[in-house]
Amino acid sequence: MNDRLLPGFTRHDVEVGGLRLNVRRAGEGPPVLLLHGYPQTHLIWHRVAPLLADGFSVVLADLRGYGDSDKPPSDPRHLAYSKRTMARDQYLLMRELGFDRFAVVGHDRGARVGHRLALDHPEAVTAFAALDVVPTRYAFEHADADFATGYYHWFFLTAGNGIPEHLIGRDPGFWVRTRMNARHHGGSAFDPEAVDEYVRCFSDPAAIHASCEDYRAAATVDLEHDRADAGRRLECPVLLLWGAHSFVGRHYDVPGAWSEYASDVRGHSLDCDHYVPEEAPEATAASLRSFLGAHAAGA
C-alpha cells in the first residue's frame, strides 16, 4: 500500500455493517467524501485530495470490491454490488466517522454510487459533484452504436459464466494499463506508482469478480431501482465536471442529461479525457473548492 502519494493522510480500517472499508482522512472543515471509479482505488484522488484538505475534512474510501476494502460474495441478483448497497456502505462510513451531513464527489463508478447515495439519503448529502458521467439509466436508454463501441466494457463485464473474470485474470496489468491509456488525452500523465497500486489491487481475483458484479448490477438491479425512481430529482446542488476529450464530453449534453435527474445543476468541461482527477488535478480542485465552499458549509 503506497503512503507516499498521500502524505498527511491517515489510514483506517472502518467496519460498517460487517464490511471492512479501507479509508484515508486528512484536513478540517466541512466533510467531503471522495469516491473513485473503475479500475482504480482511492488513490485516483492523490493529486486533488491534498488541495482540498486545506479547508475541508476529506475522506477517501475504497468502494466495496475495490482496492483494499472487503470483497464480499455476490448473489444471483447482484444485490451485493448494487449502487444502493454500495451507497449505504458510504453512508454508514460517514456516520461512523461522526459526519451526519457531508458532500460527495464521485468519479466514474463512484459518481454512480454518489448519485444513489444522494437519492437514498437526501438528509445526509449537502452537495454532490459527478465527474465524467451521465446517469446510468440515461446512458442505457440513449445507447447507440457509438456507445456500444466506446463503452464496450459495460457489456463485456456483464457477461456470465466467468468469461470476463477469466480473460482479465490472465493479465490484469495489461487490462488496467490499456483501459487507462486508451482514455487519456493530454493533461498530466498518470503517476506510475498510482498505476502500480491499481494493478496490485486489481490482480486479486476477488477484485476482478467484484468489479464485474458492479457492472452486472448496473445493467440489472440498478436499472430497476433507477426506473422506480424515475421523476425524482436530487434535492442538493450538483456540480458536473467532464473531460472535453472524453466519450462523455464528445457525445452528450452533460448538463442537459443531468437536468432530468437534478434541479440545481451547473458545471463545465476540463481539458482532459476521462480520468479528470489525475489528468487535470489543479482545475478539478479549483472547481471543487469553489463549489464545496458555497454548498458544503451546511454540513
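Which residues in helix 7 meet which residues in helix 10? Let's start there, everyone, and keep in mind that what you see above is a predicted model.

On the helix 7 side we have Pro 164, Glu 165, Ile 168 and Gly 169, and they meet Ile 208, His 209, Cys 212 and Arg 216 in helix 10. Sorted by class, the residues of that contact come out as 4 nonpolar, 2 polar and 2 charged.

Now for the geometry. Two packed helices are described by the angle between their axes and the distance between the axes. Helix 7 covers residues 163–170 and helix 10 covers residues 205–218; they pack at about 140 degrees, and their axes are 9 Å apart. Helix 7 and helix 10 are therefore oblique to each other, and the crossing of helix 7 past helix 10 is right-handed.

While we're on helix 10, have a look at Ser 211, which sits in that helix. Is Ser 211 buried or exposed? Its relative accessibility is 0%, so Ser 211 counts as buried. What does Ser 211 touch, if we set aside its neighbours within four places in sequence? The answer is Tyr 38, Tyr 66 and Phe 202.

Helix 8, residues 172–181, packs against helix 9, residues 192–202, at an angle of about 135 degrees, with 9 Å between the axes. That angle makes helix 8 oblique to helix 9. Here again we have a right-handed crossing, with helix 8 passing helix 9.

Why do we call strand 4 largely enclosed by the rest of the structure? Because 5 of its 5 residues are buried. Ser 57, Val 59 and Ala 61 point one way from the strand, Val 58 and Leu 60 point the other way, and all are buried.

Strand 4 has partners as well. Strand 2, residues 19–26, runs antiparallel to strand 4 and is joined to it by 4 bridges; in strand 4, Leu 60 has Arg 24 standing opposite. Strand 3, residues 31–35, pairs with strand 4 in the parallel sense over 5 bridges, and here Leu 33 stands opposite Val 59.

My last stop is strand 7, residues 238–243, which is mostly covered, with 6 of its 6 residues buried. Val 238, Leu 240 and Trp 242 point to one side, Leu 239, Leu 241 and Gly 243 to the other, and all of them are buried. How many bridges pair strand 7 with strand 6, residues 125–131? There are 4, in the parallel sense, and Phe 128 stands opposite Val 238. With strand 8, residues 265–270, strand 7 also pairs in the parallel sense, over 6 bridges. In that pairing, Leu 239 stands opposite Arg 266 of strand 8.

How values were computed:
Residues numbered from 1 in each chain as written. Predicted model: local features only at pLDDT ≥ 70, side-chain atom pairs only at ≥ 80, totals over all residues. Heavy atoms only, no water. Axes fitted to C-alpha atoms, helices over the stretch in contact; angles between N-to-C directions. Helix = DSSP H or I, 4+ residues; strand = E, 2+ residues; numbered from the N terminus. Parallel < 35°, antiparallel > 145°, perpendicular 65-115°, else oblique. Left-handed = near helix turned anticlockwise from the far one by under 90°. Contact = heavy atoms within 4.5 Å. Nonpolar A, V, L, I, M, F, W, Y, C, P; charged D, E, K, R; others polar. Buried < 20%, exposed > 50% of the residue type's maximum accessible area, 1.4 Å probe, protein only. Pairing = 2+ DSSP bridges.
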